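Dear colleague,

I am writing to hand over the structure shown below. My findings follow it, and I would be grateful if you would read them with the model open.

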Amino acid sequence: MEVLEIVKGLISEQLDIDEEQLEMKTTFEDIDADSLDVVELVMALEEEFNLEIADEEVEKIKTIGDIVSYIEKQIA
Amino acid sequence: MTLQGKVALVTGGSRGIGREIALTLARAGAAVAVNYHNNKAAAGEVLGKIENAGGKGLVVQADITVFGECEKMVKAILDHFGRIDILVNNAGIRRDTILALMQEKDWDIVIDTNLKGMFNCCKAILRPLLKQKSGGRIINISSIAGLMGNSGQTNYAAAKGGVIAFTKSLAKELGKRAITVNAIAPGFIETEMTESLPETVKNDLLPHISLGRYGKPQEVAEAVLFLAQGAGYITGSVLSIDGGLSL
């Protein structure tokens with residue numbers, strides 16, 4: 001499955017949002033996710049992709065695209 | 001046995017107030033990880049008492065001033081008990097002297113242990129706590145000195161005042177996850193730590209304590225138990241256990 005699809009699935013499950021509302025350019029602000037929501041999402045992604053995302057990197061995450069491209073770089 | 005199935009970590013759990021907290025939480029049914037820094041024998045004795053009473057416990061060594069050691073400690077608890085629900089940041093030290101005579105190392109070690117140690121432990125348990133998605137309890141032991149200041153304790157009072165500000169901030173951050181964060185501010189409690197105070201200091205204090213006596217570690221532990229086992233709508237609070245000394 002594409003990284004984007006997995007990320008969308010996890011966000012939709014965690015925040016109870018329709019996947020169709022989620023795109024690469026969607027910001028976490030758009031979907032009312034606070035920074036702790038992002039941390040929890042990162043924790044789920046770390047488990048899913050078996051990687052570690054440093055706290056400094058998490059702070060830079062603003063959009064779904066930011067997460068997707070970070071993960072794609074890590075697993076490439 | 002209202003804490004049945006819950007796992008608690010008590011830092012500085014081998015002696016003084018921490019020892020009593022560890023025993024009290026265990027009596028209420030929690031599995032208790034007893035953290036110690038140097039006194040392995042004392043921690044072992046606490047564990048023995050817990051197990052003899054039919055409880056579950058674990059001894060975990062860590063220097064809480066070092067984040068990596070706190071991470072390892074939490075991992076050891078998760079490996080052993082599979083979860084963690086309650087953190088009691090109790091470990092603390094005193095290096096009392098007036099500022100005019102205080103050395104930089106007296107300041108650093110007290111801030112590192114009493115304030116940074118709490119940060120380290122909270123940070124280390126946070127992700128496991130969030131992952132469990134079942135709320136949690138963080139209870140930080142502050143001091144009356146953190147509320148009122150105390151001559152000869154600029155370092156200790158600054159750290160303990162910091163504990164209160166930290167508690168309130170973290171309570172705001174974690175409220176939506178049903179993780180409560182509260183502080184307890186003990187007054188003069190009879191422990192090894194206060195035993196070493198000069199008699200004159202103790203005698204001067206007594207008339208200011210409304211209840212007319214010093215407190216017992218058990219009386220602080222009861223407050224911790226209260227916050228740990230229910231108190232679901234209390235967060236960011238500072239509970240004074242001081243017999244009225246701060247009035």
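Predicted model: local features only at pLDDT ≥ 70, side-chain atom pairs only at ≥ 80, totals over all residues.

Among the buried residues are B:G16, B:I17, B:R19, B:E20 and B:L25. Just after α1(B), B:G29 takes a positive phi of about 110 degrees.

Chain B as a whole

Chain B contains 9 helices and 7 strands. Its C-alpha trace spans about 50 × 35 × 35 Å along the principal axes. The radius of gyration is 17 Å, which agrees with the value near 18 Å that a compact globule of 247 residues would have. Buried residues account for 47% of the 247 residues in the chain. Of the contacts in chain B with a separation of 6 or more, 74% are between residues 24 or more positions apart.

The sheet of chain B

The strands of chain B form an open sheet of 7 strands, paired in parallel, in the order β3-β2-β1-β4-β5-β6-β7. Which strands stand at the edges? They are β3 (57–61) and β7 (238–241); each has a single partner strand, so one side of each is left without a neighbour in the sheet. On average, and with direction ignored, neighbouring strands of this sheet are turned by 20 degrees against each other.

Within the sheet, β1 (residues 7–10) and β2 (residues 31–36) of chain B run parallel and are joined by 4 bridges. In this pair, B:V7 stands opposite B:A31 of β2(B). Helix α3 (residues 67–81) of chain B packs on the sheet and touches β1, β2 and β3 of that chain. The direction of α3 makes about 160 degrees with that of β3(B). Helix α4 (residues 104–132) of chain B lies across β4 (86–89), β5 (136–141) and β6 (179–186) of chain B. Helix α4 runs at about 175 degrees to β4(B).

A methionine in chain B

Helix α5 of chain B, residues 144–148, includes B:M148. B:M148 is partly exposed, because 15 other C-beta atoms lie within 10 Å. B:M148 and B:P217 are 69 residues apart along the chain, and their C-alpha atoms are separated by 21 Å.

Two residues in chain A

Most residues other than glycine have a negative phi. A:D32 has a positive phi of about 60 degrees although it is not a glycine. A:D32 is placed in the loop between α1 (3–15) and α2 (35–49) of chain A. Is A:D32 buried or exposed? With 9 C-beta neighbours inside 10 Å, A:D32 counts as exposed.

A:N50 is not a glycine either, yet it has a positive phi of about 50 degrees. A:N50 is found in the loop between α2 and α3 (55–60) of chain A. A:N50 counts as exposed, because it has 9 C-beta neighbours inside 10 Å.

Note on methods
Residues numbered from 1 in each chain as written. Chains lettered and ligands numbered in written order. Rg over C-alpha atoms; globule rule 2.2 N^0.38 Å. Buried ≥ 20, exposed ≤ 12 C-beta atoms within 10 Å, placed from the backbone. Contact = placed C-beta atoms within 7 Å. Pairing = 2+ DSSP bridges. Axes fitted to C-alpha atoms, helices over the stretch in contact; angles between N-to-C directions.
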